[in-house]
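Subject: Structure for you to look at

Hi,

Here is the structure I promised to pass on. Have a look at it first, then read my notes below.

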Amino acid sequence: MNVTIDSEHRLHIRKILVDHDGTPGSLLTILQAIQSACNYLPPGALPMVAEHLQLPLSQVVSVAEFYGSFSLVPRGKHIITFCLGTACHVRGAERILREAAQMLDIEPGQTTEDRRFSLETVRCLGACALAPVMMIDGVCHGKMTPKKLRNILQPLLVEEEVAC
């Protein structure tokens, strides 16, 4: 399978593969390292991993598709995740999610065209006492309200606009 991959991602992936032995048991660790370095699993990465671990490509793809923490599509620099579990749902998470979608001009599951932000949902973040909960780049923000959301996102939106 000949899938193109940009040179920056290829360098990251090669380093990750060199840092891990070729045992099939290291598959998850390698995929997590690639996800962390590239912010998703680029299509060309999976054949490289399969070859390095001497596994069928179908097995590597199956693992990558099975775990929700992996993304096979490019994601934004900033990952915004909303919990839609029972406690968060009851406390208005949907309303706050709609506000975030409007601010970012994307729907849940999408990434802004400039790849600055991705908006995602999960069924539980494990912080029910803080419901409703939102995470930005792995940092938990609890007891969310639309006003609190705006106070958190607005500076990030402005900061990102200046940086571009």
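Let's start with strand β1 (78–83): six of its six residues are buried, so it is mostly covered, where buried means under 20% relative accessible area with a 1.4 Å probe and protein chains only. In a regular strand, side chains alternate between the two faces of the sheet. Here H78, I80 and F82 on one side are buried, and so are I79, T81 and C83 on the other.

A quick word on the source: this is a predicted model, so local features need pLDDT of at least 70 and side-chain atom pairs 80 or more, while totals for chains, interfaces and linings use all residues. Residues are numbered from 1 along each chain as its sequence is written, and side-chain values use heavy atoms, without hydrogens and water.

Now the neighbours. Strands are DSSP runs of E with at least two residues, numbered from the N terminus, and two of them pair if DSSP finds at least two bridges between them. β1 and β2 are parallel, with six bridges, and F117 in β2 is the bridge partner of H78. β1 and β3 (residues 134–136) run antiparallel, joined by three bridges; T81 stands opposite M135 there.

Finally, the largest pocket holds about 420 Å³ of space. Of its 20 lining residues, G68, R75, I79, T81 and E120 are the closest to the centre. A pocket here is an open set of points on a 1 Å grid where a 1.4 Å probe fits, with protein on both sides within 12 Å along at least five of seven lines, and lining residues have an atom within 4 Å of a point. The volume is the space filled by probe spheres set on those points. β2 gives the most to the lining, with five residues.

Cheers

Note on methods:
Helix = DSSP H or I, 4+ residues; strand = E, 2+ residues; numbered from the N terminus. Buried < 20%, exposed > 50% of the residue type's maximum accessible area, 1.4 Å probe, protein only.
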